[in-house]
Amino acid sequence: MIKEDAVNVQVGDAVFGGGEVILMAGPCAVENEEMLYLTARSVQDAGAKILRGGAYKPRSSPHDFQGLGKPALGMLQRVGKALNMPVVSEVLDTRDVEDVAACVDMLQVGSRNMQNTALLKEVGRSGKPVLLKRGLAATLTEWLLAAEYIIAAGNRKIVLCERGIRTFETSSRNTLDIASALLAKERSGLPTVADPSHASGNRNLVAPLGMAAIAAGLDGLLIEVHPAPEIALCDGKQSLELEEFALLARKIMALQAVS
Ligand code: PEP
Ligand code: MN
C-alpha cells in the first residue's frame with residue numbers, strides 16, 4: 001500500500017484520527033425503532049459519538065435473523081436525526097449501496113465482504129466514509145489492499161477496523177490482533193479502530209480488550225450494546241447492557257486522559 005500522509009476521517013461531528021477516541025455503539029441488529037432509540041440515547045449520554053445498528057445482517061446460518069432490511073434504514077435515519085448522532089450501518093450487496101448511503105453517515109463493509117471487490121468499488125464510488133473491517137482470515141497486506149480498492153475508486157474516507165481473526169484458539173470467538181491493527185494504522189496512515197465485541201464473542205471480555213486497544217493507541221472502538229442482551233436477535237452473548245457500556249465509556253475517557 002502506498003503510504004500517504006495520515007488522514008483524519010470526519011463523520012458528522014466525530015473526527016477519527018484527530019486524537020480523540022471515538023466510540024461507536026449500538027445493537028448488532030436494529031430490532032425495532034423503540035429499542036434503537038432507547039439504546040442510542042443511552043450510549044450517546046455515555047459518550048458514544050456514532051450510533052451503530054445493522055439493517056442487513058451477514059449471518060453464518062441462513063436460518064438466523066437476517067436483519068429488518070430497508071425498514072431498519074428508516075429507523076436508523078430517524079433516530080440519528082432526532083439525536084443529532086451520525087449512524088454507521090453495514091452494506092452487504094452492491095445493489096443496496098445507494099439506499100444505505102442515502103440513510104446513514106458511514107458505510108460498514110463487514111469482515112465477510114472485505115474482499116468483495118465489486119462492493120469495495122461501489123462504496124468507493126459512493127464517496128461516503130467507510131468502516132472497513134478486516135476479513136476474519138485476512139493478512140495485514142490483504143486488508144490494506146482492500147482499502148486501496150476504495151481509494152482507487154476515489155474515496156479516501158476510510159476507517160480500518162480490527163475485529164479479530166480466526167486462529168487455532170477457540171476459547172474466544174476470534175483473536176483480537178492489536179499488533180496488526182497498529183501496523184495497519186502506521187503503514188496506511190488511515191485511522192484504525194477495534195471491535196472487541198466480535199473479536200471476543202463474550203461480554204466479559206469486551207471492556208478489557210477495548211481498553212487494551214485504546215491504551216495501545218488505536219483511534220476508537222465499535223461496541224455492541226443492547227438494552228436486554230438475553231433476548232437480542234443477534235449477538236446477545238457479546239452485547240453489553242446499557243450500564244456496562246456507560247462504565248466502559250468512563251474507563252476509556254479516563255484512559256484517554258492519561259495517554
Ligand atoms: C457486525 O458488525 O455486526 C458484524 C457482522 O461484524 P463482522 O463483519 O466483524 O463479523
Ligand atoms: Mn454483531
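**Exercise 1.** Determine which residues of this predicted model are closest to ligand 1, and how the shell around ligand 1 divides by class.

*Solution.* Step 1: take as shell every residue with a heavy atom within 4 Å of the ligand. Ligand 1 is then surrounded by 13 residues, the closest being R52, K57, S111, K133 and R163. Step 2: sort by class, with Ala, Val, Leu, Ile, Met, Phe, Trp, Tyr, Cys and Pro as nonpolar, Asp, Glu, Lys and Arg as charged, and the others, Gly among them, as polar. The shell holds 7 charged, 4 polar and 2 nonpolar residues.

Residues are numbered from 1 along each chain as its sequence is written, and chains are lettered from A and ligands numbered from 1 in the order in which they are written. In this predicted model, local features need pLDDT of at least 70 and side-chain atom pairs pLDDT 80 or more, while totals for chains, interfaces and linings use all residues; side-chain values use heavy atoms, without hydrogens and water.

**Exercise 2.** List the protein donors of the manganese ion (ligand 2) and locate C28 and D235 in the chain.

*Solution.* Step 1: search for N, O and S atoms within 2.8 Å of the metal (3.2 Å for Na, K and Ca); water is not among the atoms, so sites may look incomplete. The donors are C28 (SG), H198 (NE2), E224 (OE) and D235 (OD), at 2.1 to 2.4 Å. Step 2: read the spacing, C-x169-H-x25-E-x10-D.

How values were computed:
Helices (H or I, at least four residues) and strands (E, at least two) are DSSP runs, numbered from the N terminus.
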